[in-house]
Amino acid sequence: MWQFFHKLGSPKWFYGIATRLMPWLLVGGIALLLAGVVWGLAFAPKDYLQGNSYRIIFIHVPTAFLAQSIYIMMAVAAVVTLVWRMKLADLFVRSVAPVGAVLTFLALFTGAVWGKPTWGTWWIWDARLTSMLILLFLYFGVIALAAAIADEKSSARAVAVLVLVGVVNIPIIKYSVEWWNTLHQPATFKLTERPTMPAEMWVPLLLAVLGLYLIFGWLACLRMQTGILVREKRTRWVQELVRTGGH
Amino acid sequence: MPTDSSVRVRPLTAGPGVMAAMVAVVRRDLQASFRQRQDLLNPLLFFIMVVTLFPLGVSPEVSFLQQAGTGILWVAALLATLLSLDHLYRHDFDDGTLEQLMLQPQPLYLLILAKVLAHWLVTGLPLVLLAPLLGVMVHLEGNSIGILCLTLLIGTPVLSLIGSIGAALTLGLRSGGVLLSLLIIPLYIPVLIFGTGTVAAAAEGAPVSAYIALMGAFLVLALTLAPFASAAALRISMSNS
Amino acid sequence: MSEPLLQAVDLQCERDDRELFRALNFTIAAGTLTRVEGPNGSGKTTLLRILAGLNDSFSGRLLWQGEPRDARREEFLRNLLYIGHRPGIKPLLTPIENLRGLLAGRQQVADTVLRQALEGTGLAGYQDVPCRNLSAGQQRRVALARLLISDEPLWILDEAFTALDFHGVEGLERLLVERAANGGAVVVTTHHDLRLPDIHRIVLGATAVAGDHGATCQQAGEAHAH
């Protein structure tokens with residue numbers, strides 16, 4: 001068991017695997033995302049209530065979905081960091097935290113763009129948007145703490161603790177924001193909450209989500225590889241790699 | 001002076017118990033706080049001043065203040081707690097008592113619980129006691145003031161407990177204070193929502209016992225989890241110093 | 001006489017990409033005095049903090065009485081007295097209050113004993129003066145008063161002689177020797193030239209050579225009798 005983890009934790013091993021995996025992730029991701037988005041934007045039927053403006057969900061939902069699941073993935077990696085002290089897990093957390101923040105921002109932005117024709121205003125303190133905003137704050141906290149501690153090991157463990165504290169709080173935050181929302185305004189139309197969605201709508205949506213996942217995987221691998229090169233610059237294999245131009 | 005001249009390894013049972021150690025931590029922290037009375041007063045003055053800003057900055061109208069008063073008081077209390085958190089471990093870290101605390105044979109999370117209790121007694125509790133006065137100044141009704149104090153009484157310990165995690169994580173960092181706020185404010189949001197929401201519900205005549213119970217659940221959750229997270233964070237920060 | 005208390009097996013520590021020490025093996029036995037030596041920045045303080053359990057970013061094993069230290073952490077801590085760079089004295093409290101706080105979780109000691117200990121370190125008459133009014137050397141003495149009361153068999157003292165005057169140094173040297181003779185174990189770092197007989201040494205190598213990578217020019221430290 002320990003040996004397996006040790007191998008999994010080896011930066012060199014990961015670097016090799018990632019190099020082989022990345023083209024597939026990128027190609028598959030772009031294909032799926034394109035298929036989903038084009039289908040959704042051009043061919044899916046109009047919404048009977050919102051007309052064409054609803055089509056932004058083909059971008060909004062995948063980003064929002066991924067923004068939340070990246071934090072969960074970071075929490076899993078944080079447990080691995082704390083329990084097995086695996087360097088790669090920490091590298092994953094700090095590599096994907098900015099990606100998560102950007103996707104959260106995109107979800108907020110597309111939500112706001114959608115809000116304009118739906119509510120007639122760019123921003124509304126809707127429960128989901130507010131939760132996403134707080135998620136963005138959580139990402140900012142992780143990024144700020146990761147940058148503030150110079151020592152690699154301490155930084156890894158401190159960030160892991162913060163991510164775990166955050167993940168415990170996410171459901172509490174979501175629940176309380178929803179309660180707050182019902183308290184302050186009557187239940188109105190809510191984003192993404194549709195009673196029934198025909199297959200012509202949710203299949204492209206699913207494709208877009210899967211595609212974005214794969215692209216995220218590619219981006220995570222790329223950022224982690226960069227991180228590995230910086231961290232392991234003293235080791236022989238990295239110097240060898242740099243000398244031979246990466247092959 | 002030791003009566004026997006030979007030194008030997010002691011079993012764990014040879015020392016004072018956990019309770020005695022916790023009481024000693026609370027007593028020492030309170031003693032140190034009361035030697036530096038101005039430090040005790042500062043968060044309170046900050047609390048009062050922030051509340052004063054709202055009538056001046058927004059509107060002194062009774063209707064506005066009545067509606068926003070609870071939120072103003074809660075936000076001010078939250079900020080005052082946040083400001084005081086930087087002191088929770090920093091003095092102890094600087095003079096070395098923190099490392100001595102971590103080397104005590106009792107479980108660290110219980111000693112941290114004692115420290116947070118001491119911190120709340122000198123910051124959170126005074127805020128709760130001062131709240132009725134400020135509540136009158138922002139024209140809250142008697143019933144609302146009562147509920148407000150109750151929510152603050154349950155909520156401020158949660159603020160201290162969650163804050164102790166942030167204080168432990170940012171210990172020894174140059175940018176400690178602002179960073180601490182960045183990390184902690186998002187985690188404070190549920191407490192703020194339920195603190196103010198409960199008072200608002202009470203003002204509308206709705207029963208609030210369920211919300212109070214929920215805040216109690218927050219407190220229990222914070223009491224059980226936050227000291228562990230703080231202990232882990234302190235060990236990390238200490239390893240880095 | 002030579003019961004092993006704390007054993008270090010294959011200790012290694014890196015800090016900020018620099019290897020401080022590697023393959024460090026030694027035993028701290030009852031009845032011995034050990035001095036950790038090495039130039040500035042060689043990791044003396046880090047090693048002591050690792051031994052005490054304040055720093056856990058290292059690899060290797062630490063055994064307390066033959067068993068993993070962290071599995072018996074509380075028992076280990078009960079038997080350890082550590083005094084670091086920062087002596088653990090609150091400036092706002094008096095010496096007697098400070099000692100009470102420091103000992104509360106360890107030993108039940110009557111105030112009269114604390115007063116005697118403070119007198120023993122030359123602080124007679126200062127017992128109830130807030131420590132911020134005392135000099136650095138006097139504050140140090142407050143912390144060192146713990147040595148006169150301590151029932152912990154393992155002492156780890158970082159820069160124990162800092163800020164002490166001549167008499168203080170002499171008294172402390174005598175105390176450490178006595179302690180070892182009585183079956184205690186003492187680990188110290190100091191720049192002060194100890195004239196103690198029968199002292200063990202742990203020598204940490206320097207990696208301060210410009211342009212060199214710590215990993216390659218590292219001298220492994222080794223404990224051996226002098």
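This briefing walks through chains A, B and C of the structure above, one topic at a time. The structure is a predicted model, so please read every value below as computed from that prediction. Chain B is built from nine helices and zero strands, and chain B touches both chain A and chain C.

**Chain B as a whole**

- The C-alpha trace of chain B spans about 75 × 35 × 30 Å along its principal axes.
- Of the 241 residues in chain B, 51% are buried.
- Take the contacts in chain B between residues at least 6 apart in sequence: 80% of these join residues at least 24 apart.

**Transmembrane regions from the UniProt record**

- For chain B, an unreviewed UniProt entry gives the annotation "transmembrane region" to residues 40-58, 64-88, 108-133, 145-171, 178-202 and 208-234.
- One of these spans, residues 40-58 of chain B, is 95% helix and 0% strand, with 29 Å between its end C-alpha atoms.
- Another, residues 64-88 of chain B, is 100% helix and 0% strand, and its end C-alpha atoms are 36 Å apart.
- For chain A, the annotation "transmembrane region", again from an unreviewed UniProt entry, covers residues 21-44, 56-84, 96-115, 127-149, 156-173 and 201-222.
- In chain A, residues 56-84 are 97% helix and 0% strand, and 42 Å separates the end C-alpha atoms.
- Residues 156-173 of chain A are 100% helix and 0% strand, with end C-alpha atoms 25 Å apart.

**Two helices that cross in chain A**

- Helix α2 (residues 11-43) and helix α7 (residues 199-231) of chain A have axes that come within 6 Å and cross at roughly 150 degrees.
- Angles over 145 degrees count as roughly antiparallel, and therefore α2(A) and α7(A) are roughly antiparallel to each other.
- The crossing of α2(A) and α7(A) is left-handed.
- In the contact of α2(A) with α7(A), 26 residues are nonpolar, seven are polar and none is charged.

**Where chain A meets chain B**

- This contact takes 25 residues from chain A and 22 residues from chain B.
- On the chain A side, α5 (127-148) and α6 (152-184) each supply at least two residues.
- The most comes from α6(A), which gives 15 residues to the side of chain A that touches chain B.
- That side of chain A has 19 nonpolar, four polar and two charged residues.

**Where chain B meets chain C**

- Here 33 residues of chain B are in contact with 39 residues of chain C.
- On the chain B side, α1 (18-35), α3 (62-95), α4 (97-102) and α9 (209-239) each supply at least two residues.
- The largest share, seven residues, comes from α1(B).
- Sorted by class, the side of chain B that touches chain C has 14 nonpolar, 11 polar and eight charged residues.

**A closer look at one residue in chain C**

- C:His200 sits in strand β9 (residues 200-203) of chain C.
- A residue counts as buried if 20 or more other C-beta atoms lie within 10 Å of its own; C:His200 is buried because 21 other C-beta atoms lie within 10 Å.
- C:His200 and C:Arg35 are 165 residues apart in sequence, yet their C-alpha atoms are 6.1 Å apart in space.

Conventions. Residues are numbered from 1 along each chain as its sequence is written. Chains are lettered from A and ligands numbered from 1 in the order in which they are written. This is a predicted model: local features need pLDDT of at least 70, side-chain atom pairs count only at pLDDT 80 or more; totals for chains, interfaces and linings use all residues. UniProt positions are given in the numbering used here, feature names are shortened, and annotations may be inferred rather than shown by experiment. Helices (H or I, at least four residues) and strands (E, at least two) are DSSP runs, numbered from the N terminus. A residue is buried if 20 or more other C-beta atoms lie within 10 Å of its own, exposed if 12 or fewer, and partly exposed in between; C-beta atoms are placed from the backbone. Two residues are in contact if their C-beta atoms, placed from the backbone, lie within 7 Å. Ala, Val, Leu, Ile, Met, Phe, Trp, Tyr, Cys and Pro count as nonpolar, Asp, Glu, Lys and Arg as charged, and the others, Gly among them, as polar. Axes are lines fitted to C-alpha atoms, for helices over the stretch in contact, and angles run from 0 to 180 degrees between N-to-C directions. Angles under 35 degrees count as roughly parallel, over 145 as roughly antiparallel, 65 to 115 as roughly perpendicular and the rest as oblique. A crossing is left-handed if the near helix is turned anticlockwise from the far one by less than a right angle, and right-handed if clockwise.
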